[in-house]
Amino acid sequence: MGHAFLDKHFERWIKAHSPNERKALTLSLIVLLSSMILVFDHLIPQASLGILYTIPVLLGAVSLHERETDLLALFCAILSWSGDPSASRIDGALYFFFSFVSYLAVAHFVTMLLRNHRLVAANLNAVEQEHALRREAEEQLTTLVESSPAGILTLDEEGRVLAANAAAHRLFEISDPQVLKGQTMLDYMPVLVHALHLDVAAEPFHTAAQCQAKKENGDVFLAHTWFSTYRSGGRLRLAAIFIDASEEMRYREEQSLKLLTSSLRITAAAVSHEIRNFCSAISILCSERRRRQPLVVDSEMECLEELAKGLENVASLDLRGASQEAVHEVTLQRVFENLRIIVEPDWQEIGGSIEWVIPEHLSRVFADPHGLLQTFLNLSRNSCRAVSECSVRVLTITVSEDEHKSTVRFRDTGPGVREPRRLFQPFQELAEVTGMGLYVSRAILRSYGGELRYEQSSGGACFVVELQTV
């Protein structure tokens, strides 16, 4: 305790004075003490006071540099030797030599102690700072884990829970925070336990999975989980983060069903429109024949006319009203951002690229956002397939605007289109899927006042989408 008290006051004294001030004060004390010892040595010749010169040497070792301390030891040895003039020359020389060596050893010993003391103090200070930073990091990590809305788990090599945050208990609907610890995850999320038993390399692995998980009450939910393995103390461990994606899946499926229903209605409306055209043509031909032969009663012709009218009534679905409920103001920038996320990986996979020539500020347009995204996606993927065998694989998407409409062009570097007039006919013979993509895309756009057309280009294909601006 006394040692700590002295260290504390010594450090305070060091900080309170500059190096020059400390050196000046030390030299003053050394001169004063040496003078006093020399005076007493002459006044009491029968007493040997040479040992007292270690006091100024100790003071010098505290504040002076190493060479200055060596000179101080030499100075004190001279003073101690001069205090005994009656000694013979050999005795005096030996006395001087041993005095100098003694003072020098004391000075270097104290200097070494002080150096070691400073190193220990610096190391202790560094360790304390490290501990403080570690405690702060642990507190931040603990706060982050406990406040996270995602469940966080760590498992041992048998799949038992080592630690779990509050969100994990909430997602599994476990009220007691001590219940989950030590439990196997085989009943809650088996994929994590199976991952620990995979026959993989010794190196840790990181992956993501979409799986079914079970709550404490037996209810099943869709979980998105990200987990990785690691080793601690030579034992295999697994850390996992997971969320409940049930609502996301329901929303996605509802939107997919809604989009599918809308697309089917639009397709049916478009086909009905073509059927009405055929029925109208049949009715006109029947009327024309009746006009030419008014006295001839042809029951088969009347039957054909009735069938045409009935078919026309069945096909009387309004194309424009089929998707009006889903139409509202849409920000093109948001649609392009979603399109970029979806299609750019496909183009990177074939070694191609997409050039986006889009103004910084775009007007809002009237459209169904999901239908518009599907149309853009269809055009982008058609271009991706078209350029896959070409040496240059580039799709350029440009946007231009005027007072009443926004025009989006999809121009690729593919071989182009051989028969543009047949592009928008349904059930294309050479199509990879159904041959209805462009037909349905144009029907979707026309349902809310837009248009899809093919534009002649010097190289590759160019499709133009026109949308009404707000």
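User: Is Arg235 buried, partly exposed or exposed, and at what relative accessibility?
Analyst: Buried means under 20% relative accessible area, exposed over 50%, and partly exposed in between (1.4 Å probe, protein chains only). Arg235 counts as partly exposed because its relative accessibility is 44%.

User: What kind of model is this, and how are its residues numbered?
Analyst: Residues are numbered from 1 along each chain as its sequence is written, and side-chain values use heavy atoms, with hydrogens and water left out. Local features need pLDDT of at least 70, side-chain atom pairs count only at pLDDT 80 or more, and totals for chains, interfaces and linings use all residues, for this is a predicted model.

User: Which residue meets Arg235 in a salt bridge?
Analyst: A salt bridge is a side-chain nitrogen of Lys or Arg within 4 Å of a carboxyl oxygen of Asp or Glu. Here the N to O distance is 3.0 Å, and the partner of Arg235 is Glu157.

User: How many residues apart are Glu157 and Arg235?
Analyst: Helices (H or I, at least four residues) and strands (E, at least two) are DSSP runs, numbered from the N terminus. Glu157 lies in the loop between strand S1 (151-155) and strand S2 (161-164), and Arg235 in strand S5 (residues 235-244). The pair links distant parts of the chain, and the separation is 78 residues.

User: Which strand holds the salt-bridge partner of Glu329?
Analyst: The side chain of Glu329 meets that of Arg364 in a salt bridge of 3.3 Å, N to O. This pair links distant parts of the chain, 35 residues apart, with Glu329 in strand S6 and Arg364 in strand S8. The strand asked for is S8.

User: How many bridges join strand S6 to S8?
Analyst: Two strands pair if DSSP finds at least two bridges between them. Strand S6 (residues 328-331) and S8 run antiparallel, and Val330 stands opposite Val365 in S8. The number of bridges is 4.

User: What is the angle between the planes of Phe205 and Phe227?
Analyst: Rings of Phe, Tyr and Trp (its six-membered ring) pair if their centres lie within 6.5 Å; planes under 30 degrees apart count as stacked, over 60 as edge-to-face and the rest as tilted. The count by this rule is 8 aromatic pairs. Phe205 and Phe227 form an edge-to-face pair, 6.3 Å centre to centre, with an angle of 85 degrees.

User: Why does Phe227 count as buried?
Analyst: Phe205 lies in the loop between helix H7 (190-196) and strand S3 (206-214) and Phe227 in strand S4 (residues 220-232), so the pair ties together parts 22 residues apart in sequence. Phe205 counts as buried because its relative accessibility is 18%. Phe227 is buried because its relative accessible area is 6%.

User: Where does Glu173 lie?
Analyst: Most residues other than glycine have a negative phi. Glu173 has a positive phi of about 60 degrees although it is not a glycine. Glu173 is found in the loop between helix H6 (166-171) and H7.
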